[in-house]
Amino acid sequence: MDIELIDSGEKGSFEFSEYVMKCYNNKLRICIIYRPTYSPTHRISVQQFLHEFTRYLETVILSLEPLLICGDFNIHVDVANNHDAITFLDILGSSF
């Protein structure tokens with residue numbers, strides 16, 4: 001099995017790393033995302049993250065490999081009436 005770092009860096013509201021894992025003739029692209037919560041040192045809103053994350057998704061969903069997106073988004077999708085969570089899940093649902 002081989003794992004290759006394809007890209008990594010920071011957007012305005014999150015950090016990311018992208019890897020391609022190769023096992024025999026199979027490949028999997030893994031995107032790891034970290035979005036810090038809003039704080040005095042990180043004054044970036046969830047809405048800005050959602051906008052930037054949508055633009056990021058538009059690039060990675062074009063990859064040839066199956067895609068696994070994971071990480072710490074600091075959005076509580078387990079809270080049914082959370083507007084940010086609903087928007088985040090809608091973005092994911094409409095992208096795939």
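Predicted model: local features only at pLDDT ≥ 70, side-chain atom pairs only at ≥ 80, totals over all residues.
A residue counts as buried here when its relative accessible area is under 20%. That cut-off matters for E18, which has a relative accessible area of 5% and is therefore buried.

Strand 2 covers residues 15-23 and strand 3 covers residues 26-34; the two run antiparallel and are joined by 9 bridges. Within this pairing, Y19 has I30 of strand 3 as its bridge partner. The two strands make a hairpin with 2 residues between them, and one turn residue, Y24, shows a positive phi of about 55°. Strand 3 also pairs with strand 4 (residues 67-72), this time in the parallel sense, over 6 bridges. Here Y34 sits opposite D72 of strand 4.

Next come the charged side chains. Side chains of opposite charge can pair when their charged atoms come close. In this model the count of salt bridges comes to 3. One of them brings K22 and E4 together, at 3.4 Å from N to O. K22 belongs to strand 2 and E4 to strand 1 (residues 2-10), so this pair ties together parts that are 18 residues apart in sequence. K22 is partly exposed, at 29% relative accessibility, and E4 is also partly exposed, with a relative accessible area of 38%.

R29 takes part in a salt bridge with E18, where the closest N and O atoms are 2.8 Å apart. This pair links distant parts of the chain, with R29 in strand 3 and E18 in strand 2, 11 residues apart. R29 has a relative accessibility of 13%, so it counts as buried. R29 forms a salt bridge with E65 as well, and there the closest N and O atoms are 3.1 Å apart. E65 lies in the loop between helix 1 and strand 4 while R29 lies in strand 3, so the pair ties together parts that are 36 residues apart in sequence. E65, like R29, is buried. Taken together, E18, R29 and E65 are linked in a network of salt bridges.

On the nonpolar side, the largest core has 16 residues, and those with the most contacts inside it are I33, F49, F53, Y56 and I75. Strand 3, helix 1 and helix 2 (83-95) are the elements that give two or more residues to this core. Helix 1 supplies the largest share, 7 residues. As for I75, leaving aside residues up to four places away in sequence, it touches R35, V46, F49, L50, D84, A85 and F88.

Key: Residues numbered from 1 in each chain as written. Heavy atoms only, no water. Pairing = 2+ DSSP bridges. Helix = DSSP H or I, 4+ residues; strand = E, 2+ residues; numbered from the N terminus. Salt bridge = Lys/Arg side-chain N within 4 Å of Asp/Glu carboxyl O. Buried < 20%, exposed > 50% of the residue type's maximum accessible area, 1.4 Å probe, protein only. Core = buried A, V, L, I, M, F, W, Y, C linked by side-chain atoms within 4.5 Å. Contact = heavy atoms within 4.5 Å.
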